[in-house]
Amino acid sequence: MSTGWNRPLTGGALKWIAILTMLIDHVGACLLEVFVMNAYGNSPLAGWFNREQMMAWYEFDVKLRLIGRIAFPLFCFLLVEGAVYTRNMGKYMCRLTVFALLSEIPFDLAFRNRLFFMGSQNVYLTLVLGLGAVWILKGWRLQPLRLPIGLLLPAFAAQLLQTDYGAVGVLVIALMYLLRERPWLRAVACVAVLVTFNSLEWPTVFSFLLIALYNGKRGRQPKYFFYGFYPGHLVVLWGIGRFLLGYVV
């Protein structure tokens, strides 16, 4: 990738933007939807707000969730960058898998206010399966079977396990890899897939504008902070919603 002087964003900068927009998204998905709006019927704040107040919270939540749509394509792009340049794909896969397992209980707490919920799995698992797709597409010698196996098996697994973004998420990651040398086609294809999946994904256009500013440099990245931020911030958000939010709203 060209590192033109006018491209100011390193991989580290993109990752910070992804984390910030993800956090904004999860304030809506966890604090507002699970606890304030009682989406799953188990909030300690149930019955606290009248209809007019709930509509105001809903409108605010929509704004937060739209901002949050920017995060996922950035994480997918950075995952693919890591897959292309890593010297040990197996170690990379294992690291993601460990954090997928560590994140599952925080994910269930934050998004369902339950210790265990089998109906959906966290986005780390989507990234693991997407990385598996890239690994197959990158390394297998069985050329006629590489594309269908690399796309279909991980996508099927994501849908079966009901991971966040499911098969669509795996497909986006695969497209990021297959079209990495054709950035405008990559952007159009990925946005089209995401918006077809959910019309509210249209802000992902801004994700690809940010990716267009990537200069190909890694930048400063406190690696394990980024890995641990996902489960850590989910626990914090759940704790705020479960124990503190009633005192501030």
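**Helix 8 and its surroundings**

Modeller: In this predicted model, the contact is formed by R186, A187, C190, V191 and L194 of helix 8, which meet T204, V205, F208 and I211 of helix 9. Seven of the residues in this contact are nonpolar, one is polar and one is charged.

The geometry of the pair is as follows. Helix 8 covers residues 183-197 and helix 9 covers residues 204-211, and their axes come within 9 Å of each other, crossing at roughly 160°. Because angles over 145 degrees count as roughly antiparallel, helix 8 is roughly antiparallel to helix 9. The crossing of helix 8 past helix 9 is right-handed.

Helix 8 itself consists of 15 residues and spans 21 Å between its first and last C-alpha, close to the 21 Å expected at 1.5 Å a residue. Its buried residues are R186, A187, A189, C190, V191 and L194. The charged R186 is thus among the buried residues of the helix. An α-helix has 3.6 residues a turn, so residues three or four places apart point the same way.

For context elsewhere in the model, two loops deserve mention. In the loop between helix 1 (11-36) and helix 2 (51-68) lies S43, which counts as buried at 9% relative accessibility. Leaving aside residues up to four places away in sequence, S43 touches V34, F35 and N38. N38 belongs to the loop between helix 1 and helix 2 and is partly exposed, with a relative accessible area of 23%. Most residues other than glycine have a negative phi. N38, however, has a positive phi of about 55° although it is not a glycine.

N113 also has a positive phi, near 55°, and is likewise a residue other than glycine. N113 is located in the loop between helix 4 and helix 5, and at 14% relative accessibility it counts as buried. G119 lies in the loop between helix 4 (89-112) and helix 5 (123-139) and is partly exposed, with a relative accessible area of 27%. From C-alpha to C-alpha, G119 and T163 are 8.8 Å apart in space, although 44 residues apart in sequence.

Notes:
Residues are numbered from 1 along each chain as its sequence is written. This is a predicted model: local features need pLDDT of at least 70, side-chain atom pairs count only at pLDDT 80 or more; totals for chains, interfaces and linings use all residues. Side-chain values use heavy atoms; hydrogens and water are left out. Axes are lines fitted to C-alpha atoms, for helices over the stretch in contact, and angles run from 0 to 180 degrees between N-to-C directions. Helices (H or I, at least four residues) and strands (E, at least two) are DSSP runs, numbered from the N terminus. Angles under 35 degrees count as roughly parallel, over 145 as roughly antiparallel, 65 to 115 as roughly perpendicular and the rest as oblique. A crossing is left-handed if the near helix is turned anticlockwise from the far one by less than a right angle, and right-handed if clockwise. Contact means heavy atoms within 4.5 Å. The expected span of a helix is 1.5 Å times one less than its number of residues. Buried means under 20% relative accessible area, exposed over 50%, partly exposed in between (1.4 Å probe, protein chains only).
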